[in-house]
Amino acid sequence: MITTDFVNGAPTWLDLGTPDLDGAIAFYGGVLGWQFQAGGPETGGYGMFRIDGKAVAGGMTVTPDQGPSAWTVYFGSADADATAKAVEQAGGSAVLPPMDVLDQGRMALFTDPAGAAFGVWQPGQHKGFGYVTQDGGLNWVELSTPDVAAAKEFYGAALGWGAYDVEFPGGSYTSVNPAGTDENGMFGGIVPLDRDPAEAGAGPHWTPYVHVADVDATAAKTQELGGTVGSAPVSIPGVGRIAKLVDPFGAGFAVIKGDPDQQ
């Protein structure tokens, strides 16, 4: 599961690049109950979304030439430079080589061999999440990719992940976990890109899942505030109820309410 223990290879941070930061602040405040705290001039406009004062994600303005509106998942690393080498040796590509972010930490951005974007974060003063798994906090991450087996091999080599194929009626689900842990440490999954035709057009990508108290109400609020529902709420036995959503500026995310029997 996702924790605030900041384990190497596990999700450590999440941030949003959007063309309309003020609009995104209003949207996520209304949908997920997040408050935004802007950084100082030295941060270039980067700030943090919070719940009860605890950091849940970052946010910043991006221009069209910098890329589309999107969420980026960052995985923890004790040495971002060494991780960058491992990523490239495994067939990934550096979008932004390792760089210091003031005294907050060291970051890098990559794409995997299929083209899915992700980041790594080497903590400094900013360790990462201050709030996870509860309502409004990151609960799961999921990679949609055209080749699940190739993705398992890449992330295993680049970030040291283990993987478990969980069987369920009608198929299987590949879950992933940090090095040195077993299936109890799983924090995310890998699924075929064509599993959901509504998402296939987005190409390979990571999706963050945020836990909410009521998936249906969150989906309705998303539409009320100008977003769209990519995949309508559905219940999955043993997992919970989920929905795929898109904010008004094109960034996709998902929400989940866990099955009480699995908590």
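The stops below cover backbone angles, a surface patch and a cavity, all in a predicted model.

Stop 1: Select Asp52, in the loop between strand 3 (47-51) and strand 4 (54-61). Check its backbone angles: phi is positive, about 50°, although Asp52 is not a glycine. Is Asp52 buried or exposed? Asp52 has a relative accessible area of 66%, so it counts as exposed, the cut-off being over 50%.

**Stop 2: another positive phi.** Jump to Thr133, in the loop between strand 8 (117-123) and strand 9 (138-145). Thr133 isn't a glycine either, and its phi is positive, near 65°.

**Stop 3: a nonpolar patch.** Next, pick Val234, Ile236 and Val239 together and keep the surface on. These residues form a nonpolar surface patch, with about 210 Å² of accessible area together. Zoom in on Ile236, which belongs to strand 14 (residues 228-236). Its relative accessible area is 34%, so Ile236 is partly exposed.

**Stop 4: the cavity.** Last, go inside. How many cavities of 30 Å³ or more does a search of the whole structure find? The search turns up 1, and the largest cavity has a volume of about 40 Å³. To see its lining, select Ser144, Val191, Pro192, Leu193, Arg195, Asp196, Glu199 and Lys244. Color them by class and you'll get 3 nonpolar, 1 polar and 4 charged residues around the largest cavity.

Conventions: Residues numbered from 1 in each chain as written. Predicted model: local features only at pLDDT ≥ 70, side-chain atom pairs only at ≥ 80, totals over all residues. Heavy atoms only, no water. Helix = DSSP H or I, 4+ residues; strand = E, 2+ residues; numbered from the N terminus. Buried < 20%, exposed > 50% of the residue type's maximum accessible area, 1.4 Å probe, protein only. Patch = residues over 30% accessible without salt bridge, like charges linked within 9 Å, V, L, I, M, F, W, Y side chains within 5 Å. Areas by Shrake-Rupley, 256 points an atom, 1.4 Å probe, with all protein chains shown as cover. Salt bridge = Lys/Arg side-chain N within 4 Å of Asp/Glu carboxyl O. 1 Å grid on protein atoms, 1.4 Å probe; cavity = no way out; pocket = protein on both sides within 12 Å on 5 of 7 lines; lining within 4 Å. Points joined across faces, edges and corners; volume = space filled by probe spheres on them. Nonpolar A, V, L, I, M, F, W, Y, C, P; charged D, E, K, R; others polar.
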